[in-house]
Amino acid sequence: MVAQGFAVDLNKPLVFQVGHLGETYQEWVHQPIVSKEGPRFFESDFWEFLTRTEWWVIPLIWLPVVSWFITKSIRMGHTLPQVAVMVLFGIFIWTLLEYTLHRFLFHIKTRSYWGNTIHYLLHGCHHKHPMDGLRLVFPPAATFVLCFPFYNLIKIMSTPSTAPGLFGGGLLGYVMYDITHYYLHHGQPTSEVPKHLKKYHLNHHFRVQTKGFGITSSVWDKVFRTLPPSKSVDKSR
């Protein structure tokens, strides 16, 4: 696509190209290319490797971490029912965070070179290539970095013995989110609830990209009145 005299070459690494689109970046990035073959991001093989993650890596890495944090609250004297409440509350907080990040950060409007570049890395690439199976989950290296400020924030807002359980619950919510997100793009659900979620999410990609920011649930879309129109489409295949 030509924009401001610049043409994006899909056969070359994309990350340092998209910034040149300027104000037309938003239009370009929301015109999806439905293919399981993902584009190359970087010339460097190392950085390219860091952008690609198999879905099963997420539970493999993070569920042991979840277990460690949850059992830490138990070791610090809390009962199982108490820790269960912490975990459930952590998952609840994650669902709100999931919605908030998707709506206000992932769909921020950018037009500067670095704004477009960062947005493409963060979420724009997913809208441009929604079926790229190796870029549907968040790279573990990036998650590891983000865990530090989130855990420190939880420690400030809670007690030393409840913070691990709350963080473990939030991290478990993230794992559930990432696996669900992958399944909604590549799974073939047969029961009603996952079928509805799949249609709901693909509706966000292919029809009304300014509505339907929930992934694991549409609850917060209902609360904040960002539900898309009822008609939906399924273009996953």
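**Exercise 1. Find what the buried residues of H7 pack against, and say which residues they are.**

Solution. Start with the partners: in this predicted model, the buried residues of H7 pack against H4 and H8. Next, name the residues. Pro140, Thr143, Cys147 and Tyr151 are the buried ones in H7. Buried here means under 20% relative accessible area.

**Exercise 2. Check the length of H7, then locate its kink.**

Solution. Step one: count 18 residues in H7. Step two: at 1.5 Å a residue, H7 should span 26 Å. Step three: compare this with the end C-alpha atoms, which are 25 Å apart, so the two values agree. Step four: look for the bend. A kink of about 30 degrees lies at Cys147.

**Exercise 3. Treat H4 in the same way: span, kink, buried residues and partners.**

Solution. Span first. H4 runs over residues 57–75 and has 19 residues. At 1.5 Å a residue it should span 27 Å; its end C-alpha atoms are 28 Å apart, so the values agree. Now the kink. H4 bends by about 25 degrees at Leu63, shortly before the proline Pro64. Then the buried residues: Val57, Ile58, Pro59, Trp62, Val66, Phe69, Ile70 and Ser73. They pack against H5, H7 and H8. Finally, step past the end of the helix. Just after H4, Gly77 has a positive phi of about 110 degrees.

**Exercise 4. Describe the largest pocket: its volume, its central residues and its lining.**

Solution. The largest pocket holds about 1,400 Å³ of space. Its lining has 48 residues, and those closest to the centre are Trp94, Leu101, Phe138, Leu146 and Phe150. Which elements give two or more residues to the lining? They are H3, H5, H6, H7, H8 and H9. H5 gives the largest share, 10 residues. Sort the lining by class: 34 residues are nonpolar, 11 polar and three charged.

**Exercise 5. How many cavities of 30 Å³ or more does a search of the whole structure find, and what lines the largest cavity?**

Solution. The search finds one. The largest cavity has about 40 Å³ of space. Its lining is made of Pro39, Phe41, Tyr120, Cys125, His126, His129, Asp132, Arg135 and Leu136. Now sort them by class. Five are nonpolar, two polar and two charged. Asp132 and Arg135 are the charged pair, because Asp and Arg count as charged.

Methods: Residues numbered from 1 in each chain as written. Predicted model: local features only at pLDDT ≥ 70, side-chain atom pairs only at ≥ 80, totals over all residues. Heavy atoms only, no water. 1 Å grid on protein atoms, 1.4 Å probe; cavity = no way out; pocket = protein on both sides within 12 Å on 5 of 7 lines; lining within 4 Å. Points joined across faces, edges and corners; volume = space filled by probe spheres on them. Helix = DSSP H or I, 4+ residues; strand = E, 2+ residues; numbered from the N terminus. Expected span 1.5 Å × (residues − 1). Bend = angle between axes of the 7 residues up to and from the residue. Buried < 20%, exposed > 50% of the residue type's maximum accessible area, 1.4 Å probe, protein only. Contact = heavy atoms within 4.5 Å.
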